[in-house]
Amino acid sequence: MVFARVIAIKIAWAAMTLLVMSIITFAATSSSPVDVARNALGREVTNEQLERFIADRGLNRPVVVRYAAWLGDFVRGDFGTSTVTGRNVRDDVMPRLGNTLVLAALTLAISLPVSLGLAVYMALHVGRWQDLMLLSSTTVLTALPEFVTGMALILVFGVALHWLPIDSTALNFQSGWSAWASYVLPVLSMLLVSAPYTIRIARSAIRESLSAPHTRTAVLAGLSRRRVVALYAVLPAAVPIINTLALNLVYLISGVVVIENVFSFPGIGRRLVEAITTSDIETVQAIAIVMGAMFIAITLIADMAAAIVNPRLRSK
């Protein structure tokens, strides 16, 4: 019952956070009605055209009324129509979001076993040349900006070796291997950027668990090395690892903006940049709310997973 109450409180706080975020997003992106009309119709318009556009779109209503109507439509799944492109915002955004989620899922699916495996290996060889070499490599990769990593991969695998496409535009009109090949370099770039941080955090947590008294007791009791590592090193370190993976997943969805623009990947990050460039307010609002909701959901799921792994967190 205590755990259920804690989860209910967390869900309530998540809903409140999302509501506050929607208010901030709407307030920050709501231009004056005249600016919205001029952006949609162009600068060479008459006052009559501006007034008709404002009246037809309901832009002359009070801000609170417009926010309530916008939020109500959004909750029902209606993201509105872009005043710039004239397209339905939901039909424009959701396919891009799907591409980004596939990109993030592929990266996380590869990153998790690789990161944990290397972290355990480094923790078991602390201070040796293997640990120092991998630690130095992760430090260098963590320091490199995303666009540098992406451009280096393009030069090696796309320009020099001609193994992989240098951009991901094939996703727009091709299928099969040509489409999946478009994921390889973006996934590899995000893997090289996100995995080193997970490796370093997991290494520190597992190293601390390996030096704990209960782990030494398990070794003296004659348990196999694999069982000691799994039950007495990795499992107690699960909470910081889960939190790190949640932060990485948030990064993979939000920080993907740079990677998507380097590889011309048709994802939600690239669409956000395009919407900002063209002052497509409706699309910016929709992407901001959708991404914010995903961040809050990821954080909530990570808290629940950590509470399941560590019973002491169930009352916090």
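Modeller: The lining of the largest pocket takes at least three residues from each of domain 1 (2-75) and domain 2 (89-315), the domain bounds coming from an automatic or database domain assignment. This is a predicted model, in which local features need pLDDT of at least 70 and side-chain atom pairs count only at pLDDT 80 or more, while totals for chains, interfaces and linings use all residues. Residues are numbered from 1 along each chain as its sequence is written, and side-chain values use heavy atoms, with hydrogens and water left out.

On a 1 Å grid over the protein atoms alone, a pocket is an open set of points where a 1.4 Å probe fits, with protein on both sides within 12 Å along at least five of seven lines, and lining residues have an atom within 4 Å of a point. The largest pocket holds about 520 Å³ of space, a volume being the space filled by probe spheres set on the points, which are joined across faces, edges and corners. It is lined by 21 residues, of which Arg57, Leu59, Trp70, Glu282 and Gln285 are the closest to its centre.

Helix H1 (2-29), helix H4 (63-75) and helix H14 (281-309) each give at least two residues to this lining, and H4 provides the largest share, 5 residues; helices here are DSSP runs (H or I, at least four residues), numbered from the N terminus. By class, the lining has 8 nonpolar, 7 polar and 6 charged residues, where Ala, Val, Leu, Ile, Met, Phe, Trp, Tyr, Cys and Pro count as nonpolar, Asp, Glu, Lys and Arg as charged, and the others, Gly among them, as polar.
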